[in-house]
Amino acid sequence: MGIAVNGVDIDDSAIEAEIGHHQGADNPLREAVHEVVLRQVLLQEARRLGVEGDSDDDRIEALFVREVTVPKADDAACLRFYQSQPERYRSGDLVEARHILFQVTPAAPLELLRQTAELILAELQARPERFDELARQYSNCPSGAVGGSLGQLARGQCVPEFDELLFRLRQGELAGRLLETRFGLHIVQAQRRIDGKLIPFETVRAQIADELQRQSWQRALHQYMHILVGKAGIEGVDLEGASSPLVQ
């Protein structure tokens, strides 16, 4: 059985044309099928409502503008968001850090690497004075040559997961677990902290309002897509509207 949306057949050529946009996905074919089907659902809805546009993308965009609306975030909501995440609205925070990197490579099995890194972490928890020595011996980062020192780091200078862990550590604290990033496994220590200042609410109010508005719109869009998919007669494929890049 082929794929159809409300009785309209989906041509294989449309899926073949789409699949090139999803080569990075776990299952490019499935993603391409979902995308093509969702677009068909949306274009049929645009046609039903008389939504015009110069291209399919324009018609879908115009449909979203017409059908997906959310109220603006008020000051009270913005203030609650600001107060709930004070670490996001600080300026000038610096951490002097050092790390030991166990780089994952095709020649270094992850399990063996993890076992080694866990042993080194346990040794440092027992004898922290060995950090410099063990960084020079084991780290695959150039910083290993200087005992793992990364110098002073501001927020945003490292990959997000490294940032998130580093700026939670107290001065002198060694992270109690290995950190996994795209570079490998890290042992991380915050040697010294220089605290910055909290940015005034008035300075970031508009930025927060935009973010809350965007989040609300995304939720509303997901709900709208689910409703359309639920009402459509889709044959030949199981579809979850929220998983599509169309609603990212």
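Here is a short tour of this predicted model, stop by stop. Residues are numbered from 1 along each chain as its sequence is written, and side-chain values use heavy atoms, leaving out hydrogens and water. Because the model is predicted, local features need pLDDT of at least 70 and side-chain atom pairs count only at pLDDT 80 or more, while totals for chains, interfaces and linings use all residues.

**Stop 1: the largest core.** Select Ile3, Ile10, Ile15, Val37, Leu42, Leu63 and Phe64, which touch the most other members of the largest nonpolar core, a set of 28 residues. Such a core joins buried Ala, Val, Leu, Ile, Met, Phe, Trp, Tyr and Cys residues through side-chain atoms within 4.5 Å; buried means under 20% relative accessible area, exposed over 50%, and partly exposed in between (1.4 Å probe, protein chains only). Now color helices H2 (28-49), H3 (56-67) and H8 (201-231), the elements that give two or more residues to this core. H2 provides the largest share, ten residues. Helices (H or I, at least four residues) and strands (E, at least two) are DSSP runs, numbered from the N terminus.

**Stop 2: another core.** Next, pick Ile100, Leu124, Leu134 and Leu178, which are among the 15 residues of a second, separate core.

**Stop 3: strand S2.** Go to Asp9, in strand S2 (residues 8-9). Is Asp9 buried or exposed? Asp9 counts as exposed because its relative accessible area is 63%.

**Stop 4: strand S5.** Finally, select Gln152 in strand S5 (residues 149-154). Gln152 has a relative accessible area of 39%, so it is partly exposed.
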